[in-house]
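Have the structure open while you read.

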Number of protein chains: 2
Amino acid sequence: MSRLHGVFLIRETKTKVANPTVVVAPETRRKIPALEGSSDPFSFVTDELQLVEENLIRAIRSREQTLTDIAAHLICGGGKRVRPVVTLLAFLAFGGKRIHDIVDIATAIELIHTATLLHDDIIDRAETRRGKESAYRKFGLKNTLVAGDFLFIKAFEFAGKFDETVVEWTADACALLTEGETLQGYFNRNRNVTLDDYVEIVRRKTASLFQTGAKLGAYLAGANATAVEETHRYGLNMGIAFQMVDDILDIVGHVELLGKPTGMDLRDGNPSLPIILALKAEQTAVCETFQCPQPTEASIGAALDTIKSGAIIQQAKSISRGYAEEALKSIRKFPPSLYRNGLKTLVHLIIDRDF
Amino acid sequence: MSRLHGVFLIRETKTKVANPTVVVAPETRRKIPALEGSSDPFSFVTDELQLVEENLIRAIRSREQTLTDIAAHLICGGGKRVRPVVTLLAFLAFGGKRIHDIVDIATAIELIHTATLLHDDIIDRAETRRGKESAYRKFGLKNTLVAGDFLFIKAFEFAGKFDETVVEWTADACALLTEGETLQGYFNRNRNVTLDDYVEIVRRKTASLFQTGAKLGAYLAGANATAVEETHRYGLNMGIAFQMVDDILDIVGHVELLGKPTGMDLRDGNPSLPIILALKAEQTAVCETFQCPQPTEASIGAALDTIKSGAIIQQAKSISRGYAEEALKSIRKFPPSLYRNGLKTLVHLIIDRDF
């Protein structure tokens with residue numbers, strides 16, 4: 001874990017800060033540690049993340065070794081665990097005490113995320129994922145599809161233990177995810193896609209799990225409705241920013257850091273943020289490549305160069321920073337604590353990351 | 001609904017029997033209607049099935065019309081609703097009162113079943129389902145895959161409202177389903193498959209939802225542990241019998257009644273009961289066709305003729321009747337009632353059906 005987080009942070013800062021100041025969270029009247037200054041947000045929840053890892057390993061055990069192998073291929077294959085971290089930090093920021101509850105929710109969120117990745121790779125016929133052969137390529141369509149179902153089921157086993165609100169929010173997040181996928185499919189290679197359409201896709205497809213994980217954290221910590229709503233807004237906006245940065249990295253990132261080739265969105269005809277901005281700017285190379293059912297590598301290369309040469313990337317970065325800023329605004333209303341700082345640092349890390 | 005059940009029963013017997021004798025169920029000490037003699041088991045739960053239908057229609061509403069269309073294509077496309085009926089009858093046989101609870105569970109079971117059909121059609125690249133174009137053919141891989149996920153999620157929204165036992169059993173049933181799919185994949189076109197392997201596949205793949213629906217019915221009615229276990233055994237054995245009859249109909253059924261061509265298991269290399277018996281009897285035409293990656297229609301026709309000409313179908317029917325008999329044994333231990341009779345008649349209907 002620590003190696004992973006070190007990579008994510010670029011620098012290594014894993015030690016939990018000893019004896020932080022204690023303040024009382026106004027929402028829940030519980031004592032929680034407070035500290036000014038930023039540090040690795042992953043290090044604030046090292047123990048909790050370890051419990052999530054143990055849960056994940058237990059969850060993917062199956063009578064059928066193939067299912068376990070496929071799940072492990074992805075679960076143990078270098079995921080950043082950003083969603084669990086958001087969930088755990090939101091819970092701790094509002095003074096949550098029943099750690100095992102939030103660990104189960106964080107596990108469910110990561111399992112759902114992994115299930116969708118398996119199914120996404122089938123849909124996109126992806127060759128690689130996280131720097132290695134995709135499960136779809138390695139294990140075939142049938143086994144990968146079933147393994148995705150298996151992980152969805154396991155996720156619901158974790159989330160289903162809680163009250164109706166938790167079940168409803170989790171199911172809603174998953175339904176949004178599927179609806180985001182469908183909407184994205186509708187705009188595949190579709191030149192008429194607008195920035196509003198894009199934000200709606202991303203809100204459903206990527207931000208749904210962030211926002212639900214975050215608000216479940218606050219809810220299970222006993223925060224009041226206003227605080228839960230603010231946490232939801234934090235997750236929503238940071239989730240949108242997260243996807244926007246992903247989209248930018250698909251244009252300007254480095255293959256070695258990304259673990260996959262660049263230009264995938266152009267190749268697959270997915271309307272990403274830079275692509276939409278380039279379409280709007282009527283960049284011919286991008287318009288043609290985006291609409292072409294099977295663009296050549298030369299055409300993709302030319303379109304990438306066109307996007308990189310202009311102001312598109314700066315525009316995209318500026319838009320993503322706007323959403324990050326919205327996420328930070330929500331945090332300001334949280335009670336000051338080490339964990340609030342963690343949520344804040346996380347937004348900066350997400351915006352500034354290289355992969 | 002009534003038309004559908006009439007078809008299922010061949011004859012039309014839909015009216016609910018008025019003023020049945022009342023006996024006290026020893027398990028729950030509640031008064032339940034009792035009646036000797038068999039009648040259409042679907043007619044005993046007409047009102048409850050109507051509520052399931054309403055639930056299903058509500059459940060498949062999505063912000064994305066495509067998801068609703070795909071779900072409706074299958075949900076409104078002539079399913080027999082055998083699993084909901086088993087669940088409802090088991091609940092009522094043990095004097096269950098909170099009808100809306102069991103209606104929600106029956107809905108969840110049917111949604112899970114439908115989700116797996118959507119995913120199965122992708123895996124088998126099925127052309128048809130229930131007499132019309134399969135969702136996979138009509139809506140494509142991506143949308144069908146996502147719609148399957150959507151239905152899984154909706155199912156868990158229904159089941160997730162209940163206690164941990166309900167959630168655990170439902171998730172276990174789904175996990176078994178996926179494990180059955182994987183195991184079946186392992187034995188695809190694999191000549192070494194045995195009758196034991198087959199029963200294990202069917203136990204997981206088909207019987208799991210029947211057994212779980214049935215035992216959830218008894219459990220939510222407040223039946224004791226022994227009664228719940230017996231209901232589980234009923235569902236298990238009737239589920240195995242159900243699949244065996246499906247397998248037989250794939251050889252000897254009529255295209256018009258089945259709504260799909262015969263010989264699909266030979267075409268897809270799925271180890272069905274008659275195929276396994278034919279492999280054991282070393283019927284050359286069957287061995288060759290079953291192992292061939294892309295068998296010709298002539299080869300499938302010859303293999304079907306070989307299976308039909310010998311004693312294989314009689315053997316298969318005898319084995320399926322053995323499981324049906326086991327299911328009936330469990331029923332004898334239930335308190336006598338109209339609903340117990342319904343569960344009994346259902347077994348006979350399943351064994352004697354033409355589609």
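## How the pieces pack

In chain B, A285(B), V286(B), E288(B) and T289(B) of α13(B) meet S299(B), I300(B), A302(B), A303(B), T306(B) and I307(B) of α14(B). Contact here requires C-beta atoms, placed from the backbone, to lie within 7 Å; helices (H or I, at least four residues) and strands (E, at least two) are DSSP runs, numbered from the N terminus.

This is a predicted model, where local features need pLDDT of at least 70, side-chain atom pairs count only at pLDDT 80 or more, and totals for chains, interfaces and linings use all residues. Residues are numbered from 1 along each chain as its sequence is written, while chains are lettered from A and ligands numbered from 1 in the order in which they are written.

Back to that helix pair: α13 (residues 284–291) and α14 (residues 297–309) of chain B have axes that come within 8 Å and cross at roughly 140 degrees. Those axes are lines fitted to C-alpha atoms over the stretch in contact, with angles running from 0 to 180 degrees between N-to-C directions. α13(B) and α14(B) are therefore oblique to each other (under 35 degrees is roughly parallel, over 145 roughly antiparallel, 65 to 115 roughly perpendicular, and the rest oblique).

Now for the two chains. Their contact draws 33 residues from chain A and 33 residues from chain B. On the chain A side, α3 (65–75), α5 (99–123), α6 (135–159) and α7 (164–186) each supply at least two residues, and α7(A) gives the most, with 12 residues.

Chain A superposes on chain B by a rotation of 180 degrees with 0.0 Å of shift along the axis (RMSD 0.0 Å), using least squares on C-alpha atoms of residues with pLDDT of at least 70 in both. The two copies are thus related as by a two-fold rotation axis. G160(A) comes closest to that axis of the residues of chain A, at 2.4 Å (C-alpha). Both copies use the same surface, as 100% of the contact residues of chain A recur in chain B.

Technical notes:
Two residues are in contact if their C-beta atoms, placed from the backbone, lie within 7 Å.
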